[in-house]
Amino acid sequence: MQILEKEIDFDFFDAEQMEKYEKEANIAQKELNSLDINKMKQSELINNVCNIIEKCFDNVFGEGTSKKLFEGKRNFRLCIK
């Protein structure tokens, strides 16, 4: 599959991989929902969202995946894309 024009090895038809994806996506969604965006500076919000998304990608697809995808950038738009 392709994410941000980079090839990622993932099989949506593999039960074990799908279970890992579902678990981590739920964790990320809960963490995103728990952010108190009204009490954060915009830079804090961007950093928190990027941390959550990067952790999710690394947990699902393997350590270092987020660095490969985002090329070390902390960009809100890239993370939510």
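Reader: What pattern does the protein follow, read along the sequence?

Author: This is a predicted model, where local features need pLDDT of at least 70, side-chain atom pairs count only at pLDDT 80 or more, and totals for chains, interfaces and linings use all residues. Residues are numbered from 1 along each chain as its sequence is written, and side-chain values use heavy atoms, with hydrogens and water left out. Helices (H or I, at least four residues) and strands (E, at least two) are DSSP runs, numbered from the N terminus. The protein has four helices and two strands, and read along the sequence they go β-β-α-α-α-α.

Reader: Is Glu54 buried or exposed?

Author: Glu54 sits in helix α2. Its relative accessibility is 16%, so Glu54 counts as buried.

Reader: Which side chain makes a polar contact with the side chain of Glu54?

Author: Setting aside neighbours within four places in sequence, Glu54 is in contact (heavy atoms within 4.5 Å) with Ser66, Phe70, Lys73 and Arg74. A polar contact is a pair of N or O atoms within 3.5 Å; within protein, one must be able to donate a hydrogen and the other to accept it, and residues adjacent in sequence count only if both atoms are side-chain atoms. At 2.8 Å, the partner of the Glu54 side chain is the side chain of Arg74.

Reader: What does Phe70 touch, not counting residues up to four places away in sequence?

Author: Phe70 is among the residues with the most contacts inside the largest nonpolar core. Beyond four places in sequence, Phe70 touches Leu4, Ile53, Glu54, Phe57, Leu78 and Cys79.

Reader: And where is Phe13 found, and is Phe13 buried or exposed?

Author: Phe13 is in the loop between β2 (6–7) and α1 (15–34). With a relative accessible area of 82%, Phe13 is exposed.

Conventions. Buried < 20%, exposed > 50% of the residue type's maximum accessible area, 1.4 Å probe, protein only. Core = buried A, V, L, I, M, F, W, Y, C linked by side-chain atoms within 4.5 Å.
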